[in-house]
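Please look over the sequence and the structure shown here before reading on.

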Amino acid sequence: MSRKSRAVASPRVVSVMDLRPLARRRLPKAVFDYLDGGADGEVTLRENCRVFDDVTFRPRHAVAVPECDLRTRVLGFDVSFPALLAPVGYSRLMHPDGEAGAARAAGAAGTAYILSTLSGHRLEDVKAASSGPVCYQLYLMGGREASEAVIERARVAGCAALVVTIDTAVAGMRERDFRNGMKELMGDSVLAKIPFLPQVLSRPAWLAGFLLDGGLSKLSNVVIPGKGPMELIDVSAALAAAAVTWNDLRWIRNLWPGLIVIKGVLTADDARRAIDEGAAAIVVSNHGGRQLDGVPASLRALPEIVAAVNGRVEILMDGGIRRGADIIKAICLGARAVLCGRAYAYGLAAAGQAGVARAIQILRTDVERTLKLLGCPSIAMLDRSYIDVPATWG
Ligand code: GLV
């Protein structure tokens with residue numbers, strides 16, 4: 001076992017949430033809070049996790065389930081268990097292994113990785129790092145020409161799907177980022193950075209890794225024609241330039257012959273619209289509570305959308321997944337699979353690729369144990385008969 005794997009082994013790390021304090025200890029506050037925080041009062045951020053407690057299990061006891069089949073087919077590819085790695089912006093700031101390390105861990109575990117537009121590693125390198133499927137999450141940053149170029153690169157590299165995020169008309173109000181000086185730390189003015197430097201200097205191990213990695217990486221997948229890759233900018237500026245409309249989606253469809261996934265659906269109306277616009281799958285998501293605070297938890301929005309979609313496209317969900325039992329509950333409510341974001345990003349921040357691998361291992365073992373305790377032999381056989389939901393959920 002490598003030194004990094006030992007650092008995240010049991011009993012130090014037993015559940016995914018044990019990775020969070022390790023991430024907090026290694027990262028400067030600004031980077032940790034970017035990963036950990038949400039928008040405004042963080043009501044939706046908290047609710048995403050809490051809502052899983054409202055759903056209870058109905059196990060079938062005294063059933064022998066020596067072997068459980070955890071495999072699931074998502075977007076035409078097989079995954080070893082029903083969780084994919086969600087796009088997480090600025091992963092390379094969390095650890096030099098960054099997006100390539102996360103993709104490598106996903107591939108080794110037999111699942112897929114979705115690369116964010118806000119990424120430091122080149123998409124070709126991320127694709128090559130993984131033995132599994134890699135999808136590209138698209139924001140229209142840098143304008144249409146830059147987007148056209150990255151869509152073509154994603155096609156040539158063999159990305160499995162384009163994931164278009166529709167909930168970023170502007171960036172959500174992430175108060176922690178402002179208080180921590182994220183904008184100043186990522187800006188050009190040395191003077192403006194000074195008040196925020198102590199948090200960086202108090203994390204020498206992170207700082208050494210960051211400097212050896214070349215410092216602030218560029219947004220290497222947002223290449224402005226004639227200018228080169230965009231500089232890394234703070235997230236509010238980035239997302240302000242990232243909005244996607246249904247009109248853009250038609251334009252994207254003409255450029256991308258493959259599967260399109262629409263991420264950020266919270267209502268039946270938007271789900272129907274996404275299907276009409278040709279989506280192969282939708283992701284029920286509130287962007288991890290980072291955009292519009294006060295929207296429902298993703299799990300709570302799921303039943304309305306499952307009813308409206310009525311089996312026409314695959315439904316994925318993200319938001320609040322911290323345990324395998326959460327994954328099972330989402331599938332019982334009609335999701336094909338879930339995306340995990342913070343659950344693996346805490347691991348990445350704590351120990352790079354080894355931390356991601358540990359997070360995936362914990363979730364996978366959880367899923368298998370939960371299936372056995374439920375008396376259910378496979379993911380494919382999960383349905384609402386294995387859970388109870390509050391009467392108000394319908
Ligand atoms: C990027 O998409 C973010 O939510 O920070």
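**Helix H18 against helix H20**

The axes of helix H18 (residues 324-332) and H20 come within 7 Å of each other and cross at roughly 60°, where axes are lines fitted to C-alpha atoms, for helices over the stretch in contact, and angles run from 0 to 180 degrees between N-to-C directions. This is a predicted model, in which local features need pLDDT of at least 70 and side-chain atom pairs count only at pLDDT 80 or more, while totals for chains, interfaces and linings use all residues. Residues are numbered from 1 along each chain as its sequence is written. Helices (H or I, at least four residues) and strands (E, at least two) are DSSP runs, numbered from the N terminus.

- H18 and H20 are therefore oblique to each other, given that angles under 35 degrees count as roughly parallel, over 145 as roughly antiparallel, 65 to 115 as roughly perpendicular and the rest as oblique.
- H18 passes H20 in a right-handed crossing; a crossing is left-handed if the near helix is turned anticlockwise from the far one by less than a right angle, and right-handed if clockwise.
- Gly324, Ala325, Ile327 and Ile328 of H18 make the contact with Leu363, Asp366, Val367, Thr370 and Leu371 of H20, two residues being in contact if their C-beta atoms, placed from the backbone, lie within 7 Å.
- By class, the contact of H18 with H20 has six nonpolar, two polar and one charged residues, where Ala, Val, Leu, Ile, Met, Phe, Trp, Tyr, Cys and Pro count as nonpolar, Asp, Glu, Lys and Arg as charged, and the others, Gly among them, as polar.

**Helix H16 against helix H17**

- Helix H16 (residues 268-276) packs with H17 at an angle of about 40°, their axes being 8 Å apart, and the two helices are therefore oblique to each other.
- The crossing of H16 and H17 is right-handed, and the contact is made by Ala268, Ala271, Arg272 and Ile275 of H16 together with Glu304, Ile305, Ala308 and Val309 of H17.
- The residues of this contact of H16 with H17 divide into six nonpolar, no polar and two charged.

**The buried side of helix H2**

- In helix H2 (residues 19-26), the buried residues are Leu19, Arg20, Ala23 and Arg26, where buried means that 20 or more other C-beta atoms lie within 10 Å of a residue's own, exposed means 12 or fewer, and partly exposed lies in between, with C-beta atoms placed from the backbone.
- The buried residues of H2 pack against helix H3 (29-36), helix H13 (204-212), helix H19 (342-351) and helix H20 (353-374).

**Residues in loops**

- Phe81 has its place in the loop between strand E3 (77-79) and strand E4 (83-85), and Phe81 is buried, with 25 other C-beta atoms within 10 Å.
- Not counting residues up to four places away in sequence, Phe81 touches Leu70, Thr111, Arg364 and Val367.
- Tyr90 lies in the loop between E4 and helix H5 (91-94), and its phi is near 55°, a positive value in a residue other than glycine.
- Asn310, in the loop between helix H17 (298-309) and strand E12 (314-318), has a phi near 50° and counts as exposed, with 10 C-beta neighbours inside 10 Å.
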